[in-house]
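Hi,

Here is the structure I promised to pass on. Have a look at it first, and then read my notes below.

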Amino acid sequence: MSKANYFFTSESVSEGHPDKVCDRISDAVVDTFLSHDPYARVAVETLCTTNRIVLAGEVRGPSSITPAVLEEVARHAVKDIGYEQDGFHWKNALVDIHVHAQSADIAMGVDSGEDKDEGAGDQGIMFGYAVNETEVLMPAPIYFAHNILQSLAEARHSGALAQLGPDAKSQVTLEYRNGRPVRAASVVVSTQHIEAVSQEEVREIVRPHVVNCLPEGWMCPEDKLYVNPTGRFVIGGPDGDCGLTGRKIIVDTYGGAAPHGGGAFSGKDPTKVDRSAAYAARYLAKNVVAAGLADKCLIQLSYAIGVARPLSVYVDTQGTGRCDEDKLSDVLQELMDLSPRGIRTHLGLNKPIYARTAAYGHFGRMPEADGGFSWEKTDLIDQLKTLLA
């Protein structure tokens, strides 16, 4: 039996965090290939450190996307984030490209043929989760942690907070009573800033963004609001700490409130089930909760490389379900083809929609007109209710 009264913490990091810079560049590479060829294959990792960016990985796509093109993609991503610092500058950083053709052995297992459907790009397990704690059916701690940083980033990009730099982190601890969040027990925000700004000034800048992002009456006590607790955060981003693609998978998903599979998302085209199946699992879990069939829903999918159909589809409503879980699993598989091709077709994933996912979470976002965040739609509600009536 789960605890009813407890404290739970989740963190987020901004688009300027070193690891998120790398996620953004890798996803910008994915978008570049998909904009030229919707069926391109991409698995590209990025490393960033002081004035150096390194791209490495495997691709299959148009020859027109040369190393020079990829260098410009990387520079544009860094510029868009806002890095024009001595230790990390979009124009001055050295960019090394080590990207080569996709393995023929992997391609043979994944590609469709006369006697086989397209297989999964790798083995692995993927999870999706939804809970009715917030309007977007995300766990509340990660939802508010993301929102605080997004609020600060929007103000920085607008020019209203020119004192702040791109690198930032947040951490929100909520108190739960009877299994529901009721208030913030503590909030931590660390944000990069210019030399001339004091710690107290940064606190006054940050505080209203925290207050405005939390529900009314939820603000933590003043002595539990920690802003730049080290006292100084001038050197930040890849100049302060090396970044790598795929190191913030809990930030990308549910803040630790639900399991995460073994693979990261960024830098991977949608044939990679690490990405697409995790999106499908979230989509199905969200529709279950949105339909009122459960207060919480966890879904696990598993795949084998080269095999189209999932090896298992596990559904757990964590004691909150209003229907039989085995029947629910069967119905979900009727409503959505969970092969890699089926997922991509159902959610429209062969589009350049991934750079926008690189920061502030892949889930809990609004579906967009061009197909972005399509896995956040709740368009299965009526069918679920009918089939499970």
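Before the helices, a word on terms: an axis here is a line fitted to C-alpha atoms, for helices over the stretch in contact, and angles run from 0 to 180 degrees between N-to-C directions. Helices (H or I, at least four residues) and strands (E, at least two) are DSSP runs, numbered from the N terminus. Keep in mind that this is a predicted model, where local features need pLDDT of at least 70, side-chain atom pairs count only at pLDDT 80 or more, and totals for chains, interfaces and linings use all residues. Residues are numbered from 1 along each chain as its sequence is written, and side-chain values use heavy atoms, with hydrogens and water left out.

Now the helix pair. Helix α4 (residues 140–158) and helix α5 (residues 199–213) have axes that come within 9 Å and cross at roughly 135°. That makes α4 and α5 oblique to each other (under 35 degrees is roughly parallel, over 145 roughly antiparallel, 65 to 115 roughly perpendicular, and the rest oblique). Where they are in contact (heavy atoms within 4.5 Å), Phe 144, Asn 147, Ile 148, Ser 151, Leu 152 and Ala 155 of α4 meet Val 206, His 209, Val 210 and Cys 213 of α5.

Next, the aromatics. There are 11 aromatic pairs in the structure; rings of Phe, Tyr and Trp (its six-membered ring) pair if their centres lie within 6.5 Å, and planes under 30 degrees apart are stacked, over 60 edge-to-face and the rest tilted. One of the pairs is Tyr 6 with Tyr 176, stacked at 4.6 Å centre to centre with 10° between the planes. Tyr 6 belongs to strand β1 (residues 6–13) and Tyr 176 to strand β8 (residues 164–177), so this pair ties together parts 170 residues apart in sequence. Tyr 176 is buried, at 3% relative accessibility (buried is under 20% relative accessible area, exposed over 50%, partly exposed in between, with a 1.4 Å probe and protein chains only).

Tyr 279 and Phe 363 make an edge-to-face pair, 6.0 Å centre to centre and 90° between the planes. Tyr 279 sits in helix α7 (residues 273–290) and Phe 363 in the loop between α9 (340–347) and α10 (381–387), 84 residues apart. Both are buried: Tyr 279 has a relative accessible area of 0%, and Phe 363 is at 2%. They also belong to one aromatic cluster with Tyr 129, Tyr 254, Phe 265, Phe 373 and Trp 375.

Finally, Ala 389, in the segment after α10, is exposed at 86% relative accessible area.

Cheers
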